[in-house]
Amino acid sequence: MAMHNNTIVELLAALKSGEFSSKELTRHYIERIKVLDSLYNAFITPLEEQALQAAEQADADRARGKELPLGGIPIAHKDIFCTRGIKSTCGSRMLDNFISPYDATVVENLTAAGAILIGKTNMDEFAMGSSSETSFYGPVKNPWDLERVPGGSSGGSATAVAARMCAGATGTDTGGSIRQPASLCGISGLKPTYGRVSRWGMVAFASSLDQAGPMTQTAADAALMLNAMAGHDAKDSTSITDPVPDYSARLNDKICGIKLGLCKEYFEDGLDANVQQCVMDAVLVLEKMGARISEVSLPNTRQSVPAYYVIAPAECSANLARYDGVRFGHRCENPVDLGDLYRRSRSEGFGAEVKRRIMIGTFALSAGYYDAYYRKAQQIRRLIKNDFVNVFEEVDMIIGPIAPSTAFRLGEKIGDPVTMYLQDIFTIASNLAGLPAASFPAGFVDGLPIGIQVIGNYLDEASILQLGHQFQLQTDWHKRTPASAEL
Amino acid sequence: MKVDDTVVKSIAQLAQLELKPESIQENIDSMTSILNLVDQMQSVDTTGIEPMAHPLDTMQRLREDHVSEPDQRELFQSIAPATEKNLYLVPKVIE
């Protein structure tokens, strides 16, 4: 098998047995990026020299008997993570000149676990989008069909893993930005419980929703990456102090007797019939494996998009107030006064979607509208969370679709923000509630991949990954690779 | 909620964004369609429901009041657009 089609688990075994070195593996991925990424635009900053040096070091460490959990494995970081001495743009002109003076905790943790940073991936500007089309660096193309979007906002990371340009990647998920691109590109992606992974050094979009997670070929690989990423961080005041379990420990446990809820509201309207069929076929597989399926109800599902499009923009408008052209980031030429400096630096630095969300958020927080919008949205957030709490008294996990359809065409929805926002109707609720949720490859419709969503209870990532792994032992959707990535 | 050019201009001012005259209508249209989506919330009775600001409902943790970070001013200011004598420079505010 070609080196790049191996999972992280398989690569670690091959590195250990000396089948190939980390330097050979890293060089192989770099060659693939050089040839393939002109098709996809998945990387903003590939890091050849630095990656090869780190790989050499990893090989030397291994030769000395130093075994690390991800020793010598080349991964990519979404460009939302600050990386010391490396351009960290967040897909925005505002940060086009930003060389981060420090590493994000996620970056530090993965580096400490032995991972090799091979490049920084493209994304929707400030993670605001569902198609990876709003990037200052141009849109990312879906490797399964270059006329289509890879989903977003972590579309560069999803494409990089799907096209086997790295072994795994980091993503972030504020309303579906790990799970939806994972679904649309045919890979596995997990958004952990809010607070499980540190947000330090992760450029803030909506601080009460943002959460980082792994994007990989398989659930078992996601477990390995999450082992390194998760944990308490004193630098993030919202970081959870609960101990981190070994997410790989329970992967091989059977799912016989596990109780899964099919949320009826996810199948009501707006869901493509073929996508629904894929999800139901996957449910049948799980049922054959001994899972007990029952219908559950999350009655406020329909309210999740409206509430999200108050809360997320409100937090975005506050977070993005820091970009003022004074301390870092873009500054306009020859400002006449301080107001001109602020307004022109921001107007030149931000793209259309970011400005749109700042406008909505500023409106929702402005005098006279706060109660009708922001407070109301927070009350609905509570109702949405309560729905989940009730359902988790009956079942262990909830399963359903990730997105209403397969990957849509580039340009198809970008002109109509509301249509784009409705892409996230099945993913947003778990962000509002703070619950862990994942996408695992579950089939194809007209040659385009589709994922199944698994939502778990608070801090129960291990069960989600166990279900994903067991499902992947019975199916081979996660092993398919796009024709465009053949060399 | 009716969004007109007065609303758009005042929000842009609060948000410190410069709006070109030709983009005002576009802003009215997109804000109107987003607020129409958002207004679906109003159909839900939320009387007596406590607003939820955060998924964890936790309090901020306290820590000992001691210096934990080294001074990295030079490093942090090395990426600033304009500095002088350890200060960030902005256009003159007072004549």
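Because the model is predicted, local features need pLDDT of at least 70 and side-chain atom pairs count only at pLDDT 80 or more, whereas totals for chains, interfaces and linings use all residues; side-chain values use heavy atoms, with hydrogens and water left out. Residues are numbered from 1 along each chain as its sequence is written, while chains are lettered from A and ligands numbered from 1 in the order in which they are written.

H77(A) is placed in strand β2 of chain A, residues 74-78; helices (H or I, at least four residues) and strands (E, at least two) are DSSP runs, numbered from the N terminus. With a relative accessible area of 1%, H77(A) is buried, a term that stands for under 20% relative accessible area, with exposed meaning over 50% and partly exposed in between (1.4 Å probe, protein chains only). When neighbours within four places in sequence are left aside, the residues in contact with H77(A) include V106(A), V107(A), L110(A) and L117(A), as well as T170(A), contact being defined as heavy atoms within 4.5 Å.

Apart from its neighbours within four places in sequence, A206(A) is in contact with T174(A), A312(A), E315(A) and N319(A). Helix α9 of chain A comprises residues 304-319, and its 16 residues should span 22 Å at 1.5 Å a residue, which agrees with the 22 Å between its end C-alpha atoms; the expected span of a helix is taken as 1.5 Å times one less than its number of residues. Of the 16 residues of α9(A), 15 are buried, so this helix is largely enclosed by the rest of the structure.

Over all chains, the search of the whole structure finds 19 salt bridges, each being a side-chain nitrogen of Lys or Arg within 4 Å of a carboxyl oxygen of Asp or Glu. In one of these, the side chains of K23(A) and E56(A) meet at 2.4 Å, N to O, and the pair links distant parts of the chain, since K23(A) is in helix α2 (residues 22-40) and E56(A) is in helix α3 (residues 48-63) of chain A, 33 residues apart. Both partners are partly exposed, K23(A) with a relative accessible area of 25% and E56(A) with one of 43%.

R199(A) and D236(A) also form a salt bridge, their closest N and O atoms being 3.8 Å apart. R199(A) lies in the loop between β5 (188-191) and β6 (211-216) and D236(A) in the loop between α7 (219-229) and β7 (259-263) of chain A, so the pair ties together parts that are 37 residues apart in sequence. Here R199(A) and D236(A) are both buried.

A further salt bridge joins E268(A) to R302(A), with the closest N and O atoms 4.0 Å apart. This pair likewise links distant parts of the chain, with E268(A) in the loop between β7 and α8 (273-288) and R302(A) in the loop between β8 (292-296) and α9 of chain A, 34 residues apart. E268(A), at 49% relative accessibility, counts as partly exposed, and R302(A) is partly exposed with a relative accessible area of 47%.

Between the two chains, 48 residues of chain B are in contact with 67 residues of chain A. The size of an interface is often given as the accessible area lost when the parts come together. The area buried between chain B and chain A is about 5200 Å², of which carbon and sulfur atoms give 67%; buried area is the accessible area (1.4 Å probe) that two parts lose on being put together, summed over both. L17(B), M41(B) and M52(B) supply 14% of the area that chain B buries against chain A, more than any other three residues.

Across this interface the rule finds one salt bridge, and E50(B) forms a salt bridge with R382(A), the closest N and O atoms being 4.0 Å apart.
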